[in-house]
Amino acid sequence: MKSGTGYAHGGDQVAAALQAHGVPALFTLCGGHISPILVAAKARGIRVVDTRDEATAVFAADAMARLTGTPGVAAVTAGPGLTNTITALKNAQLAQSPLLLIGGAAPSALQGRGALQDIDQRPLVAPHVKLAKRVRRVADLGPAVVEALGVAREGVPGPVFVECPVDLLYDEASIRKWYAEAAGKGTSVPDRLLRWYLNRHADRLFAGSGNVPAPVPRDVPVAAASARSLERAAAALSLAERPLVVIGSQALAQAINAAPLAAAVSRLGIPVYLSGMARGLLGRDHRLQMRHARRNALRESDCVLLAGVPCDFRLDYGRHVRRSATLIAANRSTKEARLNRAPTVAALGDAGQFIEQLAAQLGDRAQRPQWISALRERDQAREAEIDAQANVQGAGEHVNPVAFFRDLDRAAGEAALFVADGGDFVATASYILRPRGPLAWLDPGVFGTLGVGAGFALGASLARPGCELWLLWGDGASGYGLAEFDTFVRHGIPVIAVVGNDAGWTQIAREQVKMLHDDVGTVLARSAYHDVARGFGAEGIEVRRAGEVSDALRRARELAASGRPVLLNVWLDRTDFREGSISM
Ligand SMILES: Cc1ncc(C[n+]2csc(CCOP(=O)(O)OP(=O)(O)O)c2C)c(N)n1
Ligand SMILES: [Mg+2]
């Protein structure tokens, strides 16, 4: 591999640009169109992690981005490789997660002429990314990656796409030879014209490619809210009697700032609800953090700061906040700050930074002991109710999910990271489990995509080597990613997957049966998921009875600590814990 500005080939130029950005891993599923990128990435010390589905590769890149704040990267082959990523791309876009997808493509001279896996890829991808770039010259490959990685991070973060036709990725001599062979040796006028055309095409492809500048990552300044919005928000919060802060994923766009953000929230002294990537920001127990009855708290509050949280269905399109309250929306996105409801103060910029600035300005002036203790009492009352539900344990034949998550919450270590993928099972988990610290909980986000789990776990494990990684899977959701146990084994990813086996797509069945009196399409078997994991060379443990839970959790932790991936197949009892909850 050449160094400096001379590259072995275009694929190496792409790899060098990734290397210049400190990209530690490239997630992929191979294909002839992208081989030079994979080989060059490996040669440059980037870990190439090959998966069993392109969607997994993109979900993994997304998870890396969310946990580190810097874009994750995936490379997929042309055509079906790319179309397989669309759901994962959309999920990342709606979660505002910055990732780079590199796509292979048919040779530039053959596009639109019936080449293998040649489709018009840009219109498929463009609606789901901030930038969809088709590279046309070898010399533009590195700059395209640099530009894309910059665009992914700036403003509202999100996915970007760079399409690299295969004839830009191999070395010049091979490509010229290939074009010369394609042109043949005929002497007729059309033959000679074709030769001339392909020769000129190759000249254009390689123009300037011997002298490409070294890639330099772009500086991406963090968008800061205006001084005026800061002043107005500070004034409103200090006058408020019952202020409330809701912090969402976007406030953690700068993942490395999680600790200063947590300190700032403590200093503000205002009760707070955490959602999405902000869960766990304040650790397991913090006097200001409330977990339950958010809707009631929002209705009572006279001044609400929504930090990186839009007024979408999760806040009943803004109706959870009372009309007369002062609404402060801190958001990188103008559209999200105003979604469904005009805020009193729109602080357009990074929400995490805004909270830090507010804390610096307000300090801990704003103590409202009565307001805080009223919320705290309600929170504790709800915890007691949940305990009562958990104690129903033993009443059924199998395992009560509420009790299971109480047990898991006690058993999981301080470095635990939870990935959630499923319906009722993971909704129950999100209610009960307490993430240990910042960035210790990953769920799909607002797109509600089933099937993120295996890819998220893979990305999380690379972003946090050595963490205790729990993948909480509905039995339905697990079906999308079980084959990735093969990936976990090959790459030594010691995940502990817990399949909540209720033999059904329960979140859907619950409402469907009640409203329409038919469970069609919602029933699964009590399958032996632990045997599937074993088939891929991982550990599998079946848990059918409540009495087996603590031993199984202990054993799973031990196995994972020794580097083995594990799947716990937990047979669940039916409960009415999630009764009545539905989101549309
Ligand atoms: C890709 C995708 N397909 C379908 C759905 C609709 N959906 C939401 S929850 C759910 C049931 C999930 O079942 P499971 O993972 O077994 O969890 P459970 O509710 O049974 O605990 C379904 C099918 C979805 N959100 N995403
Ligand atoms: Mg299920």
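Below are my notes, entry by entry, and I keep in mind that this is a predicted model.

**Entry: ligand 1, the surroundings**

I began with the shell. I found 17 residues surrounding ligand 1, and the closest are D424, F425, D475, G476 and T506. I then sorted the shell by residue class: six are nonpolar, eight are polar and three are charged.

**Entry: ligand 1, polar contacts**

Next I went through the N and O atoms. A polar backbone atom of G504 sits 2.9 Å from an oxygen atom of ligand 1. For T506, a backbone N or O atom is likewise 2.9 Å from an oxygen atom of the ligand. I also noted a side chain: Y480 places a polar side-chain atom 3.5 Å from a nitrogen atom of ligand 1.

How much of ligand 1 does the protein bury? Ligand 1 exposes 590 Å² when taken alone, and the protein buries 77% of that. I also checked which elements give two or more residues to the shell, and wrote down α17 (424–432), α19 (475–478) and α21 (506–516). T506, one of the closest residues, falls within the range of α21.

**Entry: cysteines**

I looked for disulfides and counted zero. For scale, the cut-off I used for a disulfide is 2.5 Å between the sulfur atoms. C164 is also buried, at a relative accessible area of 1%.

C311 is in no disulfide either, and its nearest cysteine sulfur, that of C303, is 13 Å away. Is C311 buried or exposed? I have it down as buried, with a relative accessible area of 4%.

**Entry: strand β10**

Last, I picked a strand and asked what lies beside it. Strand β10 covers residues 326–331, and five of its six residues are buried, so the rest of the structure largely encloses it.

I found two pairings. Strand β9 (residues 303–307) pairs with β10 in the parallel sense, over five bridges. Within that pairing I noted L305, whose bridge partner in β10 is I328. Strand β11 (residues 345–348) also runs parallel to β10, and four bridges join the two. There I wrote down N331, which stands opposite L348 in β11.

A reminder to myself for reading these strands: side chains in a regular strand alternate between the two faces of the sheet.

Technical notes: Residues numbered from 1 in each chain as written. Chains lettered and ligands numbered in written order. Predicted model: local features only at pLDDT ≥ 70, side-chain atom pairs only at ≥ 80, totals over all residues. Heavy atoms only, no water. Near = heavy atom within 4 Å. Polar contact = N/O pair within 3.5 Å; in protein donor to acceptor, adjacent residues only side chain to side chain. Areas by Shrake-Rupley, 256 points an atom, 1.4 Å probe, with all protein chains shown as cover. Nonpolar A, V, L, I, M, F, W, Y, C, P; charged D, E, K, R; others polar. Buried < 20%, exposed > 50% of the residue type's maximum accessible area, 1.4 Å probe, protein only. Pairing = 2+ DSSP bridges.
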